[in-house]
Amino acid sequence: MHGYVRTLASVLLIVGVAATTGAQARDILPPVSTPTDLKPGSITCDECPYPAPSKYLDIDVYSQDVRISYMDIAPAVPANGHVVLLMHGNNFGGFYFGDIIDGLTDAGFRVIAPDQIGYGRSSKPIAPYNFNTQARNTQLILEHEGIDKVMAVGHSMGGMLATRFTTQYPDSVERLVIYNPIGLSDNRFDRPMTPVDQIYARVLQTDYQSTRRSLSRYVRHDPSAWNDKFELYTRIRSSWTLSSDFPRLAMVQAIIFQMLYQDPVVYDWPHIQVPTLAFGGAEDLLLGTAEVFQERMQVLADTVPNENGRLLLFPGLGHVPHLERPDIIVPALVEYLLEGVE
């Protein structure tokens with residue numbers, strides 16, 4: 001694992017748990033009643049508890065005037081001269097990065113955390129979605145802020161986007177962290193693409209219970225890891241389904257679902273030219289088993305050219321480990337990024 005075996009062994013002792021067994025992975029959360037105090041929430045996340053104020057940039061997307069939201073957080077200590085770009089996952093916006101932002105700014109980094117178009121506080125146009133366009137929108141933020149280089153960190157779907165951003169804008173990236181990504185395989189030949197109208201009809205049926213079941217996949221390795229943060233994000237997402245604007249968001253989500261199918265980034269890996277860390281919780285079960293996930297993450301690290309790829313996985317943690325154990329995940333992430341600080 002390119003020098004990280006010793007670190008992984010120590011992490012296993014810190015976490016204090018062994019790898020998840022198949023039986024544990026099949027556990028589900030105990031049933032609960034739908035909260036009676038849920039109210040309609042804005043699909044532009046007006047009520048979402050962001051860790052920092054949002055800024056907005058007006059851009060064009062397929063001839064539509066939209067705005068992209070992002071947080072721009074200054075270092076909490078003397079600046080180290082580097083910027084970290086955080087890219088969120090499909091079920092979130094920048095709002096879930098609070099602990100990571102704190103760790104980075106406490107180490108002297110400036111942090112840029114966009115809500116991609118279709119997410120969070122950014123516009124929700126009904127238009128084609130693809131990673132190339134998301135990368136371009138992100139680059140526009142950096143140009144607007146006068147930022148030449150970043151260390152890119154992408155979680156889940158954001159890991160796919162961070163990969164594409166790095167290969168599309170190689171001069172803008174000095175270090176890359178691909179954090180519990182999805183899209184580790186090209187599955188287009190396993191099944192045909194679901195028509196967008198079918199996806200849309202399914203998304204329209206979303207409610208609190210289905211949202212909770214969906215997010216519970218992230219703790220299927222250890223249901224006791226479900227905590228107040230996961231519950232908060234369940235409430236946020238389910239509040240959108242009560243909004244009169246939800247049909248628009250449902251169509252956006254359906255189109256994005258097709259994007260994830262159509263645009264695998266596995267073929268980008270051989271074109272990454274910067275130090276890259278394949279990073280996260282080792283018990284990620286979104287691909288079916290933790291073993292498959294770990295194998296594909298090793299392939300990712302090995303495929304990055306010039307021995308620039310490393311692998312660091314934390315036993316006992318799942319798909320969103322910074323919501324489980326920020327005390328472990330954040331220091332390890334900061335440590336790797338600080339390697340690139342002169």
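Modeller: Helix α9 (246-262) gives the most to the lining of the largest pocket, with seven residues. A pocket, on a 1 Å grid over the protein atoms alone, is an open set of points with protein on both sides within 12 Å along at least five of seven lines, and lining residues have an atom within 4 Å of a point. Helices (H or I, at least four residues) and strands (E, at least two) are DSSP runs, numbered from the N terminus.

This is a predicted model, where local features need pLDDT of at least 70, side-chain atom pairs count only at pLDDT 80 or more, and totals for chains, interfaces and linings use all residues. Residues are numbered from 1 along each chain as its sequence is written, and side-chain values use heavy atoms, with hydrogens and water left out.

Back to the pocket. Its volume is about 1200 Å³. A volume is the space filled by probe spheres set on the grid points, which are joined across faces, edges and corners. The lining counts 40 residues, and Asn90, Asn91, Arg217, Phe257 and Leu260 lie nearest the centre. Helices α6 (196-203), α7 (208-216), α8 and α9 each supply at least two lining residues. By class, the lining has 18 nonpolar, 16 polar and six charged residues. Here Ala, Val, Leu, Ile, Met, Phe, Trp, Tyr, Cys and Pro count as nonpolar, Asp, Glu, Lys and Arg as charged, and the others, Gly among them, as polar.

Stay with α8, residues 228-240, for a moment. Tyr233 sits in this helix. Tyr233 counts as buried because its relative accessibility is 8%. Buried means under 20% relative accessible area, exposed over 50%, and partly exposed in between (1.4 Å probe, protein chains only). Not counting residues up to four places away in sequence, Tyr233 touches Phe92, Phe95, Tyr96, Leu215 and Leu323. Contact means heavy atoms within 4.5 Å. Tyr233 and Asn91 are 142 residues apart along the chain, yet their C-alpha atoms are separated by 8.9 Å.

A cavity is a set of grid points where a 1.4 Å probe fits but cannot get out. The whole structure holds three cavities of 30 Å³ or more. The largest cavity has about 80 Å³ of space. Its lining includes Asn90, Phe92, Lys124, Arg237, Trp240, Leu249 and Gln253. Helices α8 and α9 each supply at least two residues here. The lining has five nonpolar, five polar and two charged residues.

The second largest cavity has a volume of about 50 Å³. Among its lining residues are Val61, Ile117, Pro128 and Tyr129. Helix α4 (residues 131-144) provides the largest share of that lining, three residues. Four lining residues are nonpolar, four are polar and none is charged.

Next comes the packing. The largest nonpolar core has 54 residues, and Leu86, Leu104, Val177, Phe279 and Leu337 have the most contacts inside it. Helix α12 gives the most to this core, with eight residues. A nonpolar core is a set of buried Ala, Val, Leu, Ile, Met, Phe, Trp, Tyr and Cys residues joined through side-chain atoms within 4.5 Å.

Leu104 also belongs to the buried residues of helix α3 (residues 98-106), along with Gly98, Ile100, Ile101, Gly103 and Thr105. What covers them includes β2 (64-73), β3 (83-87) and α12 (326-338). Just after α3, Gly108 takes a positive phi of about 95 degrees.
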